[in-house]
Amino acid sequence: MTRHTPFMSAERAERIRRWHEAAYQAAKREGASGQTFEYLGRTIVVPPQVQPITGVSHVLGEAVLADRRRGWDFARQFSPSL
């Protein structure tokens, strides 16, 4: 078995975790009754019990769309039963 070697320090990982948690809590407060977003050309309604889209969510969405356009099926890559 190969031993995992982290790419970042524990301190940096903790700083990112704290930032993410603070952003998540702020987004939950803003969207206490749900939120509606225009995201990558779609209208998405996010109920309050679901983590809302953040200001950087488009980065992942755009990467997935670009991979999809190149023929890579993200969902099937990680769930072959689809």
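Two salt bridges are present in this structure, which is a predicted model. Both can be found from one residue, so start there.

**Stop 1: the salt bridges.** Select Glu14 and Arg17. Their side chains form a salt bridge, with an N to O distance of 2.7 Å. Why can these two residues meet? Glu14 and Arg17 lie three residues apart in helix α1 (residues 10–30), so about one helical turn separates them. Side chains of opposite charge can pair when their charged atoms come close.

Through shared partners, the salt bridges link Glu14, Arg17 and Arg18 into one network.

Glu14 is partly exposed, at 31% relative accessible area. Arg17 is partly exposed at 45%, and Arg18 is partly exposed at 46%.

Stop 2: Select residues 35–39, strand β1, and residues 42–46, strand β2. The two strands pair in the antiparallel sense over five bridges. To follow the pairing, pick Gln35, whose bridge partner in β2 is Val46, then Thr36, whose partner there is Val45. Two residues lie between the strands of this hairpin, and Leu40 has a positive phi near 50°.

**Stop 3: the faces of β1.** Which residues of β1 are on the covered face? They are Gln35, Phe37 and Tyr39, while Thr36 and Glu38 form the uncovered face. In a regular strand, side chains alternate between the two faces of the sheet.

Terms used. Residues are numbered from 1 along each chain as its sequence is written. This is a predicted model: local features need pLDDT of at least 70, side-chain atom pairs count only at pLDDT 80 or more; totals for chains, interfaces and linings use all residues. Side-chain values use heavy atoms; hydrogens and water are left out. Buried means under 20% relative accessible area, exposed over 50%, partly exposed in between (1.4 Å probe, protein chains only). Helices (H or I, at least four residues) and strands (E, at least two) are DSSP runs, numbered from the N terminus. Two strands pair if DSSP finds at least two bridges between them. A salt bridge is a side-chain nitrogen of Lys or Arg within 4 Å of a carboxyl oxygen of Asp or Glu.
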